Amino acid sequence: MIELIDIAYVRSGAQDIDKCVGFARDIVGMKYQGSDQGVHYLRADHRHHCLAFVEGESGVLSSGLVLRDAKALTDAAAHLESIGIPVHQGTVEEARSRRVTDFISFDDPWGNKFDLVIGQVQDPSFLELTRPSSGITEFGHICVDAADIYAAAKFWNDNFNVKVSDWVQGAAALMRFNPIHHTLAVFQGDEPGLCHINFQVDTIDAIFRNWNFIKEHNVEIEQGPGRHPQSTAIFLYFKGPEGLTYEYSYGVRLIEDEDAWVPRTFDPTMFGAIDMWGGSSQKPSILKHTLTTDNDTDAESVRNLTANTDNARV
Ligand SMILES: [Fe+2]
């Protein structure tokens with residue numbers, strides 16, 4: 001069993017780096033931490049960064065998840081290999097680029113690339129958001145797409161300390177590894193990719209302030225403001241450059257009594273199942289994985305990794 005402690009970052013390729021960084025900084029409101037060897041870092045909380053744009057082809061490169069320590073990382077690599085999932089051991093340079101002490105990466109059976117990291121660098125300095133009125137308090141959750149959400153949830157349940165909090169029938173598995181209703185989610189989709197990156201904000205006022213702000217700046221709103229009945233979070237999804245969907249949310253449910261909680265099922269065709277306020281229930285668009293990679297593998301080996309992991313379906 002691999003124990004996840006936290007989420008670390010999303011790493012994404014950006015063809016127009018100025019546009020992608022500018023949007024995350026000036027519209028989303030994150031703090032730009034500068035760049036190093038073509039990688040541009042954005043901060044939203046105590047982490048050195050939770051979003052990194054890598055100059056190059058558009059598309060998500062990986063999502064980072066935090067493990068406890070070096071032993072946990074070694075054990076995780078052995079476990080993944082034991083179930084037929086190839087593991088890439090990060091090099092010193094790759095770890096430095098991710099601002100972590102060490103990491104391994106793997107593709108889930110549906111082709112989503114994850115980094116398991118230890119020692120993510122913290123930033124102890126006062127967080128000066130570029131746009132303080134955004135109200136961002138924390139990097140909230142990561143959602144990926146998979147062709148079979150039930151098998152994907154089983155993969156995370158069987159191999160990680162991840163439990164399903166709620167189901168949206170045929171559409172999403174919302175999953176937790178701490179009291180937060182969901183920190184990781186899998187959405188139904190034909191191809192692997194990042195559904196969205198979430199930031200928690202401090203008040204309901206921030207949701208509506210942000211709504212007005214992004215409308216004024218002609219940003220495409222994908223969904224919201226609305227309220228999810230599963231997590232009770234008030235949400236706003238909007239689209240950044242090169243297909244990256246961002247979400248602000250406020251008021252996520254905490255599941256304090258593990259034993260008492262039974263995952264519920266919501267029928268997405270029913271009124272209010274996605275948005276209790278009756279807004280659009282169309283799924284946010286996904287950011288597909290790029291076939292290029294910033295690990296020491298080429299596109300061909302990425303394709304092979306994906307093919308090989310078909311055997312590891314659980
Ligand atoms: Fe979300």
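Tutor: Three residues coordinate the iron ion: H141 through NE2, H196 through NE2 and E247 through OE. The distances run from 2.0 to 2.1 Å. Keep in mind that the model is predicted. In sequence, the donors follow the spacing H-x54-H-x50-E.

Strand β13 leads on to helix α5. Among the elements covering the buried residues of α5 are β13 and β16. That cover also includes α1 (17-28), β14 (220-227) and β15 (234-239). Which residues of α5 are buried? They are A206, I207, N210, F213 and I214. These residues take up an arc of only 130° around the axis, so they lie on the same side of α5. The helix length can be checked as well. Helix α5 has 13 residues, 204-216, and at 1.5 Å a residue these should span 18 Å. The end C-alpha atoms are 19 Å apart, which agrees. Just after α5, N218 adopts a positive phi of about 55°.

Next, β16 and the charged pairs. R176 forms a salt bridge with E258, with the closest N and O atoms 3.0 Å apart. R176 belongs to strand β11, residues 172-176, while E258 is in the loop between β16 (245-250) and β17 (264-266). The pair therefore ties together parts that are 82 residues apart in sequence. E258 is partly exposed, at 30% relative accessibility.

R96 lies in helix α3, residues 92-97, and D36 in strand β2, residues 31-36. That pair links distant parts of the chain, 60 residues apart. D36 counts as partly exposed, at 23% relative accessibility.

Now a pair of neighbours. D26 and R25 form a salt bridge, their closest N and O atoms being 2.9 Å apart. D26 is partly exposed at 35% relative accessibility. R25 is partly exposed as well, with a relative accessible area of 27%.

Salt bridges can also join into networks. D6, D45 and R47 are linked in one. How many salt bridges does a search of the whole structure find? The count is 15. The general principle is simple: side chains of opposite charge can pair when their charged atoms come close.

One further polar pair is worth a look. D107 lies in strand β7, residues 102-107. D107 is buried, with a relative accessible area of 2%. The side chains of D107 and K113 are joined by a polar contact of 3.0 Å.

To return to the metal: the iron ion has donors from H141, H196 and E247.

Definitions and conventions:
Residues numbered from 1 in each chain as written. Predicted model: local features only at pLDDT ≥ 70, side-chain atom pairs only at ≥ 80, totals over all residues. Heavy atoms only, no water. Donors = N, O, S within 2.8 Å, 3.2 Å for Na, K, Ca; no water. Salt bridge = Lys/Arg side-chain N within 4 Å of Asp/Glu carboxyl O. Buried < 20%, exposed > 50% of the residue type's maximum accessible area, 1.4 Å probe, protein only. Helix = DSSP H or I, 4+ residues; strand = E, 2+ residues; numbered from the N terminus. Expected span 1.5 Å × (residues − 1). Arc of directions from axis to C-beta. Contact = heavy atoms within 4.5 Å. Polar contact = N/O pair within 3.5 Å; in protein donor to acceptor, adjacent residues only side chain to side chain.
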